[in-house]
Amino acid sequence: MQAGEYRGEPNGATRRVATARPDGGKAAADAGVSHAFQTEARALCQLGFSKPFIKSMARRAHANGSTIEQELLADGSVDEQTYYAAIARLLGLPFLEEIPPDQVMDRPALDALLQRPTLLRLHSPDKAPLTAIAPEARHLADLAERFVHHPTLRAALTVASASSIRRAVWHAGAARRVATVSNALFEENPQHSARIVMTGRQGFVAGAFLTGGVAALLLASGPVALALHVLLSSLYFAAMVLRLGALFHPRGRDILPEALIADGPLPIYSILVALYREAPVAGQLIAALERLDWPPSRLDIKLVCEADDHETIEAIRKLRPGSHMEIVVVPPGGPRTKPKALLYALAGTRGDYLAIYDAEDRPHPGQLKEAYARFRTAAPEVTCLQAPLIITNMRESCISTVFALEYAALFRGLLPLLARYRMPLPLGGTSNHFRTAALRAAGGWDPYNVTEDADLGMRLYRLGYRSETIRRHTFEDAPIRARVWLGQRTRWFKGWLQTWLVVMRDPGRARREMGTGAFVVFQLLIGGMLVSSLGHPAILIFFTTSAIAMLQSPAEHIHPLKNLLFGIDAMNIFGSYSIFLGLGVSAMIEYERRLLGWRWLAIPFYWMMVSYAAWRAAFELRERPFFWNKTPHEPRPVTMPAATPPPAAADCTGASPESGQA
């Protein structure tokens, strides 16, 4: 549908807007349009839209809490450029199809136009300054009336589309904005920034422990090795206890509060998706976002791409996404990380609420509505909601199978328990829902932390906010190849190390901000995970050497402490494997349990891979602390057999030859 038929001279058209009888308004009123829409409907009639179409858009606007204009642009029935060109002809103003970025003078206040692109001052070296405006239909009559009283005003104005204004503002402020987001957290709250990997005090303590430990081992290897054995086994056991509690804790079933959002207008919901080299999954992503059960007129979706990723940008443009989806191009500068890209795009978000998704995600269509309902009923300090992530390709390799167990245990077992007891949540990197104002107040993401989700979860808690969980899921795919999995897990461990070091810069302050109980939980969650992963090979060695020594010595000659340590080591190893399996299986549905097959036997090998990734991350933290190891994604097949058993030919380090691509 085009924006009507435009007849008459520009001045005549302007007079019609300024003096038209309220016939369009009467038609709208006869159609049941509220008084608030009458002025807007009148202007749209003058633009050539049919009365039945205006009536249908008005009903949507009334239901969604938007305007008729927003609904017709989101509907896709009219091209945005065509629409604003028609407004320009109606007002007798020139139309500027694309704003030259070099005519925009950058300043910090310019970023306000990213959220409300109404007018933009243009400066040309050989012409008088112009103001580009994107007039709203409800204000056209007032604007035309102003032209009647101030005829010279036309010479200083030109019409441009809202998208053109946003593009010009993004481009004009790119260098300033990327410098700001790269340094803001470090400059304003350096105690929360991972830009300094390790403080001088932390370096001194780490060096003293390392040097002292090596010297002690050389001088008195027996007693020192025994002390290290006791310490490591105790820490390993303490980290295991938290997950043991989650395994045996009864799980509640919250009722989805659908009735709370059945009626009334909806707020604008922003969605950020950071993309880099994701051209293969662009179509799948757009389709998944289009399925979200939220009015397009109330969606503000930013597809955030790196400036040099021309392939992904072009793939998205070819798909011609709706007007509620915008490509945000992140210029080079600062660390090349996902959190920097998200923080860059945060300046342009318009929503009261904001969600984060990854390129390969397929969120439940009702996830936004569940999150909104929970925010409406939750306490004001609840500023983040984590949706569960479910792995859909678990049958494609041993790696993806155990990965699915791990995700089930974390997102459907441990995190809901932590949320119930008001503990800090190490967030997942996707399907986080935020109150946008609180996210901005907390400083957003740390561009220098490569596991920005866990870091943000801890920082929000320290600042007095809380995170909870919701039930509607997001489907994801796990890596099926060892090389891809290792790169991703190394990055995660490196970020968890960064997060632990940031919190432990001032342990006393962190304990006061978090509370003693939450501080202990943090140590078990992040610190315990690091210790158990780094120390897993040592525990296996302790257990094996103790078992060999006990088999070679008479029972009466074995020291009671060695018996105790052997028992603790056995409990640590077999208990950790059993809890890992039990917590994951108990959180799965029956269909997922059937897909496990025999591959849970790969858990010991998986844990050794985890340990290798942790040690690799520790070395990489020193050499390349901010390096972002990109995880490649491929689209899911359109159809997958629902009950195909895991192929027998699959191995534990890569994909089955019969499996599809992840």
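How many helices and strands are there in the protein chain? In this predicted model, the protein chain holds 25 helices and 13 strands. Of its 662 residues, 53% are buried, and the accessible surface comes to about 29,300 Å², with 61% of that area belonging to carbon and sulfur atoms. Among the contacts with a separation of 6 or more, 81% are made by residues 24 or more positions apart.

The pLDDT of the protein chain averages 86, and 87% of the residues score at least 70. Over residues 1-33, however, the pLDDT is below 50, although the model gives this stretch 55 contacts beyond near neighbours in sequence. Residues 639-662 likewise stay under 50 in pLDDT, and for them the model has 55 contacts beyond four places in sequence.

Two elements illustrate how segments of the chain are covered. Strand β5, which spans residues 299-306, is mostly covered, with 8 of its 8 residues buried. In a regular strand the side chains alternate between the two faces of the sheet. In β5, L299, I301, L303 and C305 point one way, whereas D300, K302, V304 and E306 point the other way, and all of these residues are buried. Strand β4, formed by residues 269-275, pairs with β5 in the parallel sense over 7 bridges, and within this pairing L272 stands opposite K302 of β5. Helix α9 (residues 162-172) has 8 of its 11 residues buried and is therefore largely enclosed by the rest of the structure. The buried residues of α9 are A162, S163, S164, I165, R166, A168, V169 and W170.

In total, the structure holds 28 salt bridges. Side chains of opposite charge can pair when their charged atoms come close. One of the salt bridges joins the side chains of R167 and E98, at a distance of 3.0 Å from N to O. This pair links distant parts of the chain, as R167 belongs to helix α9 and E98 to the loop between α6 (80-91) and α7 (112-115), 69 residues apart. R167 is partly exposed, with a relative accessible area of 40%, and E98 is also partly exposed, at 42%. A further salt bridge is formed by the side chains of D106 and R176, at 2.8 Å from N to O. Because D106 lies in the loop between α6 and α7 and R176 in helix α10 (residues 174-188), the pair ties together parts that are 70 residues apart in sequence. D106 is partly exposed, with a relative accessible area of 33%.

The side chains of E278 and K630 also meet in a salt bridge, with an N to O distance of 2.8 Å. Here the pair links parts of the chain that are 352 residues apart, with E278 in the loop between β4 and α13 (282-290) and K630 in the segment after α25 (603-623). E278 is buried, its relative accessible area being 3%, and K630 also counts as buried, at 18% relative accessibility.

Elsewhere, an open sheet of 3 strands with mixed pairing has the order β8-β13-β10. Strands β8 (362-363) and β10 (389-391) stand at the edges of this sheet, each with a single partner strand, so one side of each is left without a neighbour in the sheet. Strands β8 and β13 (residues 474-476) run antiparallel and are joined by 2 bridges; P363 has T474 of β13 as its bridge partner. Strands of a sheet pair through backbone hydrogen bonds, either parallel or antiparallel.

On the surface, L226, V230, L561 and L564 form a nonpolar patch, and together these residues have about 290 Å² of accessible area. Helices α12 (221-248) and α23 (560-587) are the elements that give two or more residues to the nonpolar patch. L226, which is found in helix α12, is partly exposed, with a relative accessible area of 35%.

Methods: Residues numbered from 1 in each chain as written. Predicted model: local features only at pLDDT ≥ 70, side-chain atom pairs only at ≥ 80, totals over all residues. Heavy atoms only, no water. Pairing = 2+ DSSP bridges. Helix = DSSP H or I, 4+ residues; strand = E, 2+ residues; numbered from the N terminus. Patch = residues over 30% accessible without salt bridge, like charges linked within 9 Å, V, L, I, M, F, W, Y side chains within 5 Å. Areas by Shrake-Rupley, 256 points an atom, 1.4 Å probe, with all protein chains shown as cover. Salt bridge = Lys/Arg side-chain N within 4 Å of Asp/Glu carboxyl O. Buried < 20%, exposed > 50% of the residue type's maximum accessible area, 1.4 Å probe, protein only. Contact = heavy atoms within 4.5 Å. pLDDT = per-residue confidence, 0-100.
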